[in-house]
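The following note sets out several points for a colleague to check against the model. Please read each point alongside the sequence and structure shown here.

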Amino acid sequence: MRILLFTGKGGVGKSTVSAGTAAMSAARGLRTLVLSTDAAHSLGDAFAISDGHSESALGSEPVQVTEHLYVQHVDAQRRFEESWAEVQGYLLSVLDTIGVDRIAAEELTIIPGAEEVFALLELRRMAVSGEWDTIVVDCAPTAETLRLLALPEALGWYLERILPVQRKMVKALKPVLTKAAGVPMPGDSVFDALVRLHDELAEVRALLTGPEASVRIVLTPERVVLAEARRSWTTLSLYGYRVDGVVANRIFPAGGSDDWRAGWVKAQDDVLGDVGASFEGLPVWRSFYRPTEPVGVEDLREVAEAAYAWSGSVDPLAAPETAAPFRTETTGETTIVHLALPGLAQWVERDQVQLGRNGDELAITVGAYRRLLTLPAALARMRVSGARVEGGELRVTFSRQTTNTESE
Ligand SMILES: Nc1ncnc2c1ncn2[C@@H]1O[C@H](COP(=O)(O)OP(=O)(O)OP(=O)(O)O)[C@@H](O)[C@H]1O
Ligand SMILES: [Mg+2]
């Protein structure tokens, strides 16, 4: 099963390209689902199927568009109610005890970021269902996507550290606290729900960083858009996601003679040159600005076919050729962790990259983004003996502890 995520700045054509790619996959006879994680769902409009249906018709479950092609908008609210009934029930009982009224309490128990979490959980549910050959994900604009993709690991980190402690504390304090404060203690079902959340998020991450998943960056040939696209490539790699191509959309076709068009064609051409140089090693597919908005399965499929034809040697639906950004290499007593950070020493200054070690964790900071990487057990026992930036990678060398330390 192939998973393709599309991200990019607002309005560049993510939904159009996602929907088109999905239509292309379906036309090949692959069972295809296109799923939107964006709260501003517009897939229905692109396929021209929201009209005549109520909002919820294109909602919680996949809706068929044409043969082999299904579309789904994640309904965060409904998923919340289904998966979090236990936790919400507990929170409500706490708020009730401290006197918050029912309506306000219900608002309060919608945790921030819930939409994103549920989009991920839905993606997992669809991926493990075995019903799909291709899942295309139409993501929200870049910043939100980065938050979304950093979530499984970050929440997992939190849950792994907090859960065991909480559970122990609650066991010990339950009788005392319930009596003294009158605040109900979370029952086992609440913890069970959190453990399930943890496990499911770990699965999502494994799926999305696995060999059959990749992220594609959609951009328009404009300086500001390119700058954001480049940074997102670095950040996606930092979090361990492979980017396997770029779609340059809304390119003005050359021709005609008026200055306005000639000006734009020239300006876009310059930026396209930089796109090629920035994303060296990745296919850059080109999609021209159509005279009308592409709407409906056929239009969308044509947009995608035409774009992908630009780099005819690459099958856009085959497994990604890009290597995983994170890999380890062991020789004798040392292991080198390689983390590809595209753009390093180009649009990312070396001093924006920081590395820290705290027990079994490696904290890697690139600009405003930080990843807390829990080291595999074998590495956690070793010490960091060097780190350097080379060939667009961060290389961290781990060595065995000296025999001295080991015997201590
Ligand atoms: N190649 C193209 N030619 C003509 N119109 C296009 C092209 N690509 C996209 N559009 C139109 O541009 C608008 C924005 O495209 P789209 O909704 O796909 O962008 P988006 O990146 O998903 O936006 P958002 O960030 O709001 O989700 C739509 O009206 C779409 O039909
Ligand atoms: Mg969109």
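**Notes on the predicted model**

1. R395 is buried, at a relative accessible area of 18%; buried means under 20% relative accessible area, exposed over 50% and partly exposed in between (1.4 Å probe, protein chains only). This is a predicted model, in which local features need pLDDT of at least 70, side-chain atom pairs count only at pLDDT 80 or more, and totals for chains, interfaces and linings use all residues. Residues are numbered from 1 along each chain as its sequence is written, and side-chain values use heavy atoms, with hydrogens and water left out.

2. R395 lies in strand β15 (residues 393-399); strands are DSSP runs of E, at least two residues, and helices are runs of H or I, at least four, numbered from the N terminus. Leaving aside neighbours within four places in sequence, R395 is in contact (heavy atoms within 4.5 Å) with I336, V337, H338, G386, A387, R388 and E390.

3. Helix α9 (residues 223-238) has 16 residues and spans 23 Å from first C-alpha to last, close to the 22 Å expected, that is, 1.5 Å times one less than its number of residues. Its buried residues include L226, A229 and W233. G240, which follows α9, has a positive phi, near 95°.

4. Beyond four places in sequence, F279 is in contact with I217, L219, L226, A229, R230, W233, V246 and V284.

How values were computed:
Chains lettered and ligands numbered in written order.
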